[in-house]
Amino acid sequence: VQLQASGGGLVQAGGSLRLSCAASGLTFSSYDIAWFRQAPEKGREFVSYISWSGSRTAYDDPVKGRFTISRDNAKDTVYLEMNRLKLEDAAVYYCAAKVYSYNTLYVARREDEYDYWGQGTQVTVSS
C-alpha cells in the first residue's frame, strides 16, 4: 500500500494550494481518508476527514471554511483545497487511510485509528 502526498510548496499568506493524495495497493473506495499536519516542534494534528463514499466530511476548527476535502474514487485520489492560507497553516501535511467505518456518523480524528500513511508534503506560508 502506498499513499503519495503532493502539491505542497511555498505560498504567500492569503494564497491557495491544492494537495493531492494518490493511493495504490488498496481498494481505495473502501477506505476513509484523513489529512493531518505537523508543524515544527509540535505534534501531528488532525486537519480533515472524508468517508469512503465522500458523503461525510469533517474539519478541525482552525481550517473550517477555508479548507475543502474531496475525493475521486475513479482516480484513487483525495484532494485538500486550502484557501486563505495563514502563517499557522505551515506544516508537513500527511494523508492517512483506514478501512471504512460501519458507523456512518463517526469521524476518526486520532492518528492511531489509521492504518496507512503517506510520506508528507511540505506547506510553507510566507508573510
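Predicted model: local features only at pLDDT ≥ 70, side-chain atom pairs only at ≥ 80, totals over all residues.
Residues are numbered from 1 along each chain as its sequence is written, and side-chain values use heavy atoms, with hydrogens and water left out.

**Stop one: the sheet.** Select β1, β3, β8 and β7, and you have an open, antiparallel sheet of four strands in that order. Strands here are DSSP runs of E, at least two residues, numbered from the N terminus, and two of them pair if DSSP finds at least two bridges between them. At the edges sit β1 (2–6) and β7 (67–72), each pairing on one side only.

**Stop two: β3 and β8.** Now pick residues 17–24 and 77–82: six bridges join these antiparallel strands. Zoom in on Ala22 and you'll find Thr77 of β8 opposite.

**Stop three: the disulfide.** Show Cys21 and Cys95, whose sulfurs are 2.2 Å apart; a disulfide means cysteine sulfur atoms within 2.5 Å. The link is right-handed, with 75° about the S-S bond. Cys21 is in β3 and Cys95 in β9, so the pair ties together parts 74 residues apart in sequence. Cys21 is buried at 1% relative accessible area, and Cys95 is buried at 0%; buried means under 20% (1.4 Å probe, protein chains only).

**Last stop: Lys98.** Stay in β9 (residues 91–99) and select Lys98. Is this lysine buried or exposed? Buried, at 9% relative accessibility. Beyond its neighbours within four places in sequence, its contacts (heavy atoms within 4.5 Å) include Asp32, Glu113 and Asp115.

How values were computed:
Buried < 20%, exposed > 50% of the residue type's maximum accessible area, 1.4 Å probe, protein only.
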